[in-house]
Amino acid sequence: MQVPSPTVREAASMYGTAVAVFLVILVAALQGSAPPESPFPYHIPLDPEGALELSWNVSYVQETIHFQLLVRELKAGVLFGMSDRGELENADLVVLWTDGDSAYFGRQDLFSQDAWSDQKGQIHLDSQQDYQLLQAQRTPEGLVLLFKRPFGTCDPQDYLIEDGTVHLVYGILDEPLHLLEAINTSSLKTGLQRVQLLKPDISIPALPSDLRTMEIRAPDILIPGQETTYWCYITELPDGFSRHHIVMYEPTVTKGNEALVHHMEVFQCAAELESFPQFSGPCDSKMKPDRLNFCRHVLAAWALGAKAFYYPEEAGLAFGGPGSSRFLRLEVHYHNPLKIQGRRDSSGIRLYYTASLRRYDAGIMELGLVYTPVMAIPPQESAYVLTGYCTDKCTQLALPPSGIHIFASQLHTHLTGRKVVTVLARDGREKEVVNRDDHYSPHFQEIRMLKKVVSVYPGDVLITSCTYNTGDRTLATVGGFGILEEMCVNYVHYYPQTQLELCKSAVDPGFLQKYFHLINRFNSEEVCTCPQASVPEQFASVPWNSFNRDVLKALYGFAPIAVHCNKSSAVRFQGEWNLQPLPEIISKLEDAAPRCPLSLGQSPAGPALVSIGEGRG
């Protein structure tokens with residue numbers, strides 16, 4: 001006897017029932033690893049108007065992310081996905097749309113497909129469907145879409161979700177369509193948001209009973225109606241504020257400004273200076289006092305998508321008391337691409353601190369390259385690597401026999417930085433990665449808790465490499481403090497605190513002058529080698545042919561280095577630190593191969609049809 005095929009309506013009903021059962025199982029599973037109030041603990045606004053809001057949860061056991069996308073005003077559909085630098089070309093996407101015709105039970109239905117865009121922005125159906133739409137439901141807030149995606153899919157058209165920064169992209173469809181291939185991203189309203197999706201699964205340490213709070217907030221400022229603003233505000237600790245430990249901090253963002261406040265940092269000013277002038281204004285204002293440049297010691301840093309930051313139970317960050325400045329600088333980055341006018345803001349960071357000092361003071365150490373023009377990137381380079389060393393000689397002298405323990409890290413470059421990585425080496429062999437971001441953006445910097453504490457012992461080497469893209473520049477980009485100059489830094493947070501505050505390097509200046517003299521002989525004396533010429537002037541006179549590029553790269557790979565093994569007083573530890581050999585590394589870590597999911601995504605038979613249910617909200 002032949003069993004009759006179900007009608008479309010019956011199939012849709014059975015699909016809805018299956019999804020509902022799956023959601024019950026999903027929520028129950030996720031609640032085991034997420035805060036009880038929500039199976040989706042992480043949230044960010046995707047667009048500056050707040051029309052799209054993304055929530056997510058991470059399962060390291062299943063190596064899968066579950067996303068919940070709230071669309072407050074659905075028009076004809078939405079694109080969501082990821083790309084290397086936040087462009088809509090060459091993006092890995094899930095597309096959800098309506099054709100304007102389908103209706104079941106009086107409700108409009110939604111099609112969903114895993115797709116990708118080519119270098120011209122044309123959308124194509126992915127031959128392997130790895131985004132899975134699980135539910136579409138109307139709520140009082142808008143349409144809620146629930147879907148999942150493995151970290152890695154082994155699909156060449158898919159983005160590999162890794163530990164560092166992820167550039168999320170989105171597009172809004174205004175008109176219904178019948179074919180996926182009818183979409184070109186160039187005709188859509190699009191945007192991007194940067195976030196760390198793979199948050200570390202770390203248990204929250206116990207907090208002391210005498211916990212107190214202090215809010216460092218912008219003083220009800222008027223957000224400028226321009227795309228990018230860095231706002232600086234100077235405040236100070238109360239008179240007689242004694243030594244305390246910061247054990248936790250979290251953001252406090254003015255309601256309604258969640259899509260405008262991009263990141264925030266609190267800096268402590270230099271203790272050597274007794275006073276700092278009051279200031280509240282743009283950080284690049286000509287009215288900003290120069291003395292504020294001496295407020296550089298990071299106490300807290302938050303970026304969009306990050307939750308509260310906790311110190312390990314045995315350590316806290318000291319502030320207040322003798323030898324500590326009373327003055328603090330709050331810096332808030334406002335991202336206002338719609339140039340909204342008239343919005344006021346009092347966002348900031350809430351510090352949680354205790355007078356019951358923990359066993360260890362936490363410290364912050366700078367790794368990477370010295371801020372000097374001798375380290376430079378030629379123009380028109382797409383992936384130029386510079387490397388700084390914290391040498392075995394420095395760690396042997398400055399670290400205690402029991403070592404230090406790194407639990408968090410903040411990577412930093414200026415505008416041309418694209419990748420940053422710090423690796424620990426011991427006895428000439430790379431042992432483990434301290435922190436790595438292969439999709440780093442200078443516009444998204446936060447202190448990130450490490451998934452695993454990294455212990456560093458005397459004689460170890462810490463190697464920090466930065467990759468730069470100077471494709472839009474015509475002159476060499478030299479190292480320095482200016483925003484158009486470059487840096488390569490990893491601020492590592494560790495305990496117990498030592499006297500070592502800076503462990504960095506740069507090529508020996510004398511060998512760089514030998515480089516200028518050498519290439520001068522091959523370039524008709526075009527390069528200025530006169531004593532009065534500065535290093536930036538010399539680099540500016542270099543004709544960047546392949547020979548000059550290759551010789552500079554070779555120089556950085558073999559020439560001796562000047563090591564800065566500095567105490568907090570900016571004085572070097574005793575010893576000879578110039579003309580030091582590069583650390584010898586005989587064995588390097590291999591990049592881990594992407595892990596494929598146990599079951600690969602199915603081949604598309606056609607758009608997946610998902611009925612929109614009614615939620616209670």
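Exposed means over 50% relative accessible area, buried under 20%, and partly exposed in between (1.4 Å probe, protein chains only). This is a predicted model: local features need pLDDT of at least 70, side-chain atom pairs count only at pLDDT 80 or more, and totals for chains, interfaces and linings use all residues. Residues are numbered from 1 along each chain as its sequence is written, and side-chain values use heavy atoms, leaving out hydrogens and water.

**Surface.** Select leucine 484. It counts as exposed because its relative accessibility is 59%. Leucine 484 sits in the loop between strand 35 (477-478) and strand 36 (489-495). Strands here are DSSP runs of E, at least two residues, numbered from the N terminus.

Now select Trp56, Leu69, Leu145, Leu168 and Leu197. These have the most contacts inside the largest nonpolar core, which has 72 residues. Such a core is a set of buried Ala, Val, Leu, Ile, Met, Phe, Trp, Tyr and Cys residues joined through side-chain atoms within 4.5 Å. Strand 20 (residues 295-303) gives the largest share of this core, five residues. Another core, of 32 residues, lies apart from it; Tyr384 and Trp544 are among its members.

**Backbone.** Go to tyrosine 495 and proline 496. A cis peptide bond joins them, with omega about -10°. Proline 496 is in the loop between strand 36 and strand 37 (500-507). Next, pick lysine 339, a residue other than glycine with a positive phi, near 55°. Lysine 339 is partly exposed, at 47% relative accessible area. Finish at glutamine 380: phi is positive here too, about 60°.

How values were computed:
Helices (H or I, at least four residues) and strands (E, at least two) are DSSP runs, numbered from the N terminus.
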